[in-house]
Amino acid sequence: MKESLKHCVNGMIDTLRGEGVLPTMALPQFRIDRPKEHDHGDFSTNAAMVMARVARMKPRDLAERMLAAMPTDQTDILRWEVAGPGFINFFVSPTRLRRQVHDILTAGPKYGFSPLGHGKKIMVEFVSANPTGPMHVGHGRGAVTGDVLCRLLHATGHQVHREYYINDAGRQIDVLGRSVLHRYRERIQGSELPQPTDFYPGEYVFDILDAIPTPLQQSLQEWLANPDQPEQETALLGAITRFAVDWVLEDIRKDLGKLDIHFDHWFSERQLHEQGGIDHALEVLRVKDLIHDGLLEKPKGGGERLQDEWETRTQPLFRATAFGDDVDRPLQKPDGQFTYFAADIAYHLNKYERGFDSLVNIWGADHGGYIKRVEAALEGLTGKKGLLHVLLVQMVNLTRNGQPVRMSKRAGNFVTLRDVVEQVGADAVRFWFLTRASASQLEFDLDLAVARSNDNPVFYVQYAHARICSIWRQMQEKGIEECPLDANALSLEVELDLIRFLDTFPETVESAAAHLEPHRIAFYLQDLAAKFHNYYNATRILEDDPKVRGGRLALCQAVRQVIANGLQLMGVNAPERM
RNA sequence: GCGCCCGUGGCUCAACGGAUAGAGCAACGGCCUUCUAAGCCGUGGGUUGCAGGUUCGAUUCCUGCCGGGCGCGCCA
């Protein structure tokens, strides 16, 4: 509806241009809004207000002229008016509203979809948790946010590519391998050994031990019996590290699978190194003269270790300051290895070279400090601004019955994503993660998430869907005659209101996709469920009069469809009974 | 010290630059011989952290403060 009204207003503007009231030059963008106030109509536009200056007219006068250009043959708008400082308000005819129910039922599962994206290729990189241990709840929030964002982009006509960046190179991976080896030694010797300084103490390391294949175990045992062979140690450590990373990745994949989250591609950082991706990226930067040798000041933060070990030296730096970053960023460590940032530059160049029109990264809020430098690198590499959008996802605080759940790795009560999914189920986890904007911290109450009450938004929305389904069951049980679903019989103001709200669903989907804010769908569904419960409570659906009954059933079916579509976008089930 | 995010009823949060700032929780008062009361209705509660600026119009954008969180590695 909104779109067709926009065309209508554009037509009026063209007419005024023809009459010389408005200039032919580019005009300021106008908006079509839905006023909060009922008396202000179904839609309003600020067109006359924003164009008053170029027309050299008072906003209200211009509004009158515009309305005079309203096509005479249209029937969707019942009446219109100039109001306030110069708004034009439109009142949609009830006939048009009733037709909307029909349109929703016809579109079915496709209602809310749009071709807006024109097949634009977007990559969404998300989760990308280091394969050094199980996923925690915060990773889960990023995973769900990314997955739903992908669903939204798909529904709005984008070509979406989902990618997981595996940090399978670097120190942390070595630490994992050594941790496994350490535990293996302990097991063979039957006693605890002093822990290395860099060490992962988690329980899952023992699970990895149990899974080590027999041939590798035999090699390890042979070596431990005769340990004085450095080359052998290096080779075995390499083998055990690769095995451990694969094991953890499989573990992560399983967790994501339980949330029905899947990727098109798992991109290995190690392969990026092996295939010369970093050399390639640095070469591109060098050609553009964006690398220079320089000194770096010792940073303010970073802890004691950094403060002690800092070595001021001349090293290759990326000119990040040329693109708005605070300092130039180092590309190589003292031992000659590339920095994580160097790999990230290469990875993002690789993304660009694969031909994506737009890149979206979903990061934990603790990575916020890296946005500028990665944006700077992409701009330096490609000469284009705004290719990358980084969505920061804030931390999750777990509570149980309002009390914080303490999480300490040492005490062994670390709550993993898997624990939470097993306790409350995938639907509740997915929905709950989207009950706040991603930039806001989220409190996740494990008790409330499974509570069957209206405090629990998951059940509240699912219940609305189930309630509608039960109407049809009720009809069968009572042997009530089937009647054609015909919205023309709808006349109550609450019914027209409900239709108006159903009509905003496509706009909600579009704006959620455009602003990269998947939580808007959750908010919308909560509103819709509330409106439906309200209607249901006050209005008898299964009226004796088949005409009235058919109208209300049509409306209910449309509400059910929109709830189902919204839940589908969120990856949450729409149960038929509860 | 610097950067990013946040600041809205007692609490948790909404509001693509629009008209009288909205929900839920909590509090109080109502609604079940009728399709799921796992629900609904009503009442009270606000100087949108503070001060400026841009605008016809600012919770929204800009600047400066104040308060909270996160980050500031040659870690990932």
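The structure described here is a predicted model. Several residues of H6 are buried, among them Ile173, Val175, Leu176, Val180, Leu181 and Tyr184. The buried set also includes His182, Arg183 and Glu186. The partners against which the buried residues of H6 pack are helix H7 (204-211), helix H8 (214-225) and helix H9 (230-258). After H6 comes Gly190, which has a positive phi, near 70°.

In chain A, the domain assignment gives domain 1 (2-92), domain 2 (98-117 + 454-570) and domain 3 (171-258). The centres of domain 1 and domain 2, taken over C-alpha atoms, are separated by 31 Å. Contact between these two domains involves 6 residues of domain 1 and 6 residues of domain 2. About 510 Å² of area is buried between domain 1 and domain 2, and carbon and sulfur atoms give 27% of it. Of the area that domain 1 buries against domain 2, Arg34, His38 and Asp42 supply 69%, more than any other three residues. The interface of domain 1 and domain 2 is crossed by 5 salt bridges, and 3 residue pairs are in polar contact across it.

The count of salt bridges comes to 34. In one of them, Asp42 is paired with Arg500, with 2.4 Å between the closest N and O atoms. Asp42 belongs to the loop between strand E1 (32-33) and strand E2 (43-45), whereas Arg500 belongs to helix H18 (residues 493-503); the pair therefore ties together parts that are 458 residues apart in sequence. Asp42 is buried, at a relative accessible area of 10%, and Arg500 also counts as buried, at 17%. A salt bridge also joins the side chains of Lys2 and Glu507 (3.7 Å, N to O).

Asp255 forms a salt bridge with Arg418, in which the closest N and O atoms are 2.7 Å apart. Because Asp255 lies in helix H9 and Arg418 in helix H15 (residues 417-424), this pair ties together parts that are 163 residues apart in sequence. Asp255 is buried, with a relative accessible area of 4%, while Arg418 is partly exposed at 25%.

Within helix H11 (residues 277-287), Glu283 and Arg286 lie 3 residues apart, about one turn of the helix, and their side chains meet in a salt bridge (3.4 Å, N to O). Glu283 is partly exposed at 40% relative accessibility, as is Arg286 at 47%. Finally, a network of salt bridges links Asp147, Arg151, Arg162, Asp260 and Arg430.

Methods. Residues are numbered from 1 along each chain as its sequence is written. Chains are lettered from A and ligands numbered from 1 in the order in which they are written. This is a predicted model: local features need pLDDT of at least 70, side-chain atom pairs count only at pLDDT 80 or more; totals for chains, interfaces and linings use all residues. Side-chain values use heavy atoms; hydrogens and water are left out. Buried means under 20% relative accessible area, exposed over 50%, partly exposed in between (1.4 Å probe, protein chains only). Helices (H or I, at least four residues) and strands (E, at least two) are DSSP runs, numbered from the N terminus. Contact means heavy atoms within 4.5 Å. Domain bounds come from an automatic or database domain assignment. Buried area is the accessible area (1.4 Å probe) that two parts lose on being put together, summed over both. A salt bridge is a side-chain nitrogen of Lys or Arg within 4 Å of a carboxyl oxygen of Asp or Glu. A polar contact is a pair of N or O atoms within 3.5 Å; within protein, one must be able to donate a hydrogen and the other to accept it, and residues adjacent in sequence count only if both atoms are side-chain atoms.
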